Amino acid sequence: MSLIVLLSIITLCVIGVIAAVVLFYAAKKFKVYEDPRIDEVEALLPAANCGGCGFPGCRGFAEALVKADHISDMLCPVGGNETMKAIATVLGQDVKETVPMIAVVRCNGSTENRPKTSIFQGAKNCSIAHSLYIGETDCSYGCLGYGECVEACKFDAMYMDEKTGLPVIIEENCVACGACVKACPRSIIEMRKKGPKSRRIYVSCVSCDKGAIAKKACDVACIACGKCVKACPHDAITIENNLAYIDFNKCKLCRKCVDVCPTHAIVELNFPPKKITEDKETTSSIIENI
Amino acid sequence: MLKTFKVGGIHPPENKLSAGAVVETLPLPEMVIIPVSQHIGAPAQIMVQKGDAVKVGTIIAKQTGFVSANIHSSVSGIVQKIEETFDTSGYRRKAIVINVDGDQWEDSIDQTTTLKTDIELSTSEIIQRISELGIVGLGGATFPTHVKLSIPSGKTAEILIINAVECEPYLTADHRLMLESPDEIMVGTTILMNALGVKKAVIGIEKNKPDAIAKLTETAKKYQGISVVPLKVKYPQGAEKQLIKAIFDREIPSGKLPIEVGAVVQNVGTAFAVYEAIQKNKPLIERIVTVTGKSVSKPSNFKVRIGTPVQKLIDHIGGLPKDTAKVVNGGPMMGKALRDLNVPVTKGTSGILILNKKLASRKEYVTCIRCGRCVTVCPMGLEPFLLMTHGELQMWGDAEKNHVMDCIECGSCSFTCPAHRPLLDYIRHGKSNVGKIMRNRK
C-alpha cells in the first residue's frame, strides 16, 4: 500500500520536473518582449476607451505612445494636458501644451425657431432620416433631433432638450473626445476652443441655403448678410457658401458680431450679462457722431 | 402551373382601383418644374437661361457622362427661373421652371398617332437616338435606357424581357398602356430587340391582368419573336432579378448585372417611349401617372407632361380627400411619401397614391421575436432581422458579410413583420454605409 503511494508521488514529481523543464525552455524560446512602459503609460490613461485619440482604446494608445518618436502631436482628449505631462515624464519626452476643446452644437433650430412642416414616421435615427429626405423642418442642414450624438456620447455629457428638440452639451462632462462629431450625419457638432472661463462665440447655424430660403425655414438661421464680417475687428469671420464662420483661433471674444447679427444666429456662451444697455449704446453712438 | 420566382415573395392586397379608368390627357399646367436629376447617374447640365423661349421637345439639359440622360422641355413657353426646389426625392434639387405659353412643338417631332411599323434605323442609330431623346427606364428606377442597351464587350444578350408585371398594388399605368397601345408596345419591343441583336422577347404579365394578357397575346401574333408569358401574382415579381428568375430561370450572381446571364429587362412603358422616340422622334416629355387611393372618389390614369406639379393632378380629381394623411410618389410598397404637393411629376413617377389615416400610420415597433417571417418572404434570401441588428449596432463588416448589398429594398420584410419593426429603414442605412466603405476600399 505504502509502495503505491510512494510510486505515485515519485511519478508525479517526475512529470512535474519534465513539465517544468519544457515550460522553462518554451518560455525562453517564445518570449515576447513587451516594453514595461506600456503598462505604466496605460495606468496613467483614464481607461475610458473612448477612441477620442484615434487609437483602439487606451491600451492601443499607450502602445502607440511608447513606440512614437515624438509624442508632441498626440493627445488624450479625456485626460488633457495633465495626463499628457505625466506620460511625457514617464517617457522622457516633451509635450506641447494643448488648448482645451469642447463640443459645440451649431444649430439653434428649436421647435420654436424652426417649425416642423412634415412628420417623419420612419425609424427614429438621424442617419436614416438624413438619407431619406431633408427632415421634418424646411432646413436641409439643421439638427434632425433624434439624438444619435447623445447615444454616441460615453461621458454623459449630452442630453436632448425635450422643449427645444436639440442636443445640449454638459460642459463639465465633455472631454472633447469627438464621438458626437463623428456620429452626427449633418456635421452640426464642431470641436471648438473652450475659451477662457469657457467663454465662446460661434455661429449657431450650418445652413448653406441662400438667405431667403434659410430664413424662411428657421428664424435664427445665418443669412450670410455679412454684417458680422464688417463688425469684426480681428478678421476672424469669413463667409463661404452662404454661411458665416468664426475662426476660434482669431476670435478675441469682443462680442461685436453678436450685437450686429440681425437673426441672432451668433451665440455667446458664459459671458456675464452685458453692462451696456441699448440706451447707452445709442448715447455712445450719439457721442461718436458729435 | 404559372411561372414565378422561387424564393420569398408576398401577396399584398392588390387594390387596382383605377384599372378600368381610361387614360385621360391632363390639361396643360400654367407652369412646369423640370428637375435636372430625374434619372440614376449624374445630373444633366442646364442648357437654357432665364428668359429663353423653349418649345415642346427643346433640349434644356444635356447629359453629363455616360450614365446620365438628356432632359427636354415638356411644354412651350419662357424659362422663368432656375432654382433649387423640392422634388420627389425629398431634397432640394436644381430645376428649370418654365411658364407655359401655348403648345408649340419642335418641328422634328411627328405628332400624328398613326402606327409606324417599319424600322429604318440601324442598331447604333437606335441607341444614339434613345440617348439623345432622354429615354430612361420608366418602371421607377429611371436607369438611362441607352446604357442598358450598350452591351459590354465579351457579353451577349440572348433574350429581351419586357417587364409588364406591375406588381406594386394600386398602380395601373402600365396596365392601361397595354390595353390602349398594344401595337406601339410591340413595335417598341421590336426596336429594342434590334438594338440588342436578340431574336427573342418575352413580355411578362401577372395573371391579375387577364385583359392585358389577352390583348397582347393577340397582338404579338403579328410580330416575330415576341411572346407573352402570364405569371403568378406575387410581389416583387417586377424586380429585375426576380423577373429573370421567373421567366428565364436563371439567377444573377451577387453584385452582377442581368447581362451576366444574357438577359436585358426593359419596362413596358419604356418600350412605348422607345417606339415614340424612334418612330415619331418624340423625346420623353410625358408619361402615364396613376392617381389613386381608397378615399379618392375617382381613381384615374392621366397622361401627364413631365414637370407638372402633383397638386395639378390632385386638383383634377377633385382635391385631396378629407382623411388624407400621406401622399406617396409611386406604389405603397416602394413609393416614397411626398413632403410637399408642389413637387413635379418626373420621369420616374408612375403613380400618386393618396393614403388615408388608417393606412398611412406606422405602428410603434417592439422587440424582434425571431419568428423568421422576414427571412421567409425575402426574395433575395437574406436575413432581414439580422441585417437590421447590424444596422442598429453599426456592425458594417458583418452586414457586408451577410450580403446587405444584395437587398433590392422591396419592403416585403417590413410589410410582413408582426412586430412592425422598421427593417428596411435600417437595412437601407446599412447599404449606404457598406456602400461607402466598399467605394473607399477601391
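**Legends to close-up views of a predicted two-chain model**

In chain B, the centres of domain 1 and domain 2, taken over C-alpha atoms, are separated by 28 Å.

View 1. Domain 1 of chain B covers residues 123-280, and domain 2 of chain B covers residues 373-441. Where the two meet, seven residues of domain 1 of chain B are in contact with seven residues of domain 2 of chain B. On the side that belongs to domain 1 of chain B, the residues touching domain 2 of chain B comprise three nonpolar, three polar and one charged.

**View 2. Chain B as a whole.** Chain B contains 14 helices and 17 strands. Its radius of gyration is 21 Å, close to the 22 Å that the globule rule gives for 442 residues, so chain B is as compact as a globular protein of that length. Taken along the principal axes, the C-alpha atoms of chain B fill a box of roughly 65 × 50 × 50 Å. Of the 442 residues of chain B, 52% count as buried, and among the contacts in chain B with a separation of 6 or more, 74% are accounted for by residues 24 or more positions apart.

**View 3. Helix α14 of chain B and its surroundings.** Helix α14 of chain B runs through residues 423-441, and its 19 residues should span 27 Å at 1.5 Å a residue, which agrees with the 27 Å between its end C-alpha atoms. The buried residues of α14(B) include L423(B), Y426(B), I427(B), R428(B) and V434(B). What covers the buried residues of this helix includes α5 (126-132) of chain A, and also α10 (373-377), α11 (384-392), α12 (396-401) and α13 (412-416) of chain B.

**View 4. The loop residue E30(B).** E30(B) is placed in the loop between β1 (24-25) and β2 (31-35) of chain B. Because E30(B) has 11 C-beta neighbours inside 10 Å, it counts as exposed. The C-alpha atoms of E30(B) and T308(B) are separated by 8.8 Å, although the two residues are 278 residues apart along the chain.

View 5. Chain A has 11 helices and eight strands, and its C-alpha trace spans about 115 × 50 × 30 Å along its principal axes. The radius of gyration of chain A is 29 Å, whereas a compact globule of 290 residues would have one near 19 Å. Buried residues make up 36% of the 290 residues in chain A. The chain is divided into domain 1 (36-91) and domain 2 (101-269), and the centres of these two domains of chain A, taken over C-alpha atoms, are 31 Å apart. Five residues of domain 1 of chain A are in contact with six residues of domain 2 of chain A; the side of domain 1 of chain A that touches domain 2 of chain A has four nonpolar, one polar and no charged residues.

**View 6. Core and contact between the chains.** Within the largest nonpolar core, which has 196 residues, C222(A) and V274(B) touch the most other members. Beyond its neighbours within four places in sequence, C222(A) is in contact with residues including V203(A), C205(A), L243(A) and A265(A). Between the two chains, 12 residues of chain A are in contact with 11 residues of chain B, and the residues on the chain A side divide into five nonpolar, seven polar and no charged.

Conventions:
Residues numbered from 1 in each chain as written. Chains lettered and ligands numbered in written order. Predicted model: local features only at pLDDT ≥ 70, side-chain atom pairs only at ≥ 80, totals over all residues. Domains from an automatic or database assignment. Nonpolar A, V, L, I, M, F, W, Y, C, P; charged D, E, K, R; others polar. Helix = DSSP H or I, 4+ residues; strand = E, 2+ residues; numbered from the N terminus. Rg over C-alpha atoms; globule rule 2.2 N^0.38 Å. Buried ≥ 20, exposed ≤ 12 C-beta atoms within 10 Å, placed from the backbone. Core = buried A, V, L, I, M, F, W, Y, C linked by C-beta atoms within 7 Å. Expected span 1.5 Å × (residues − 1).
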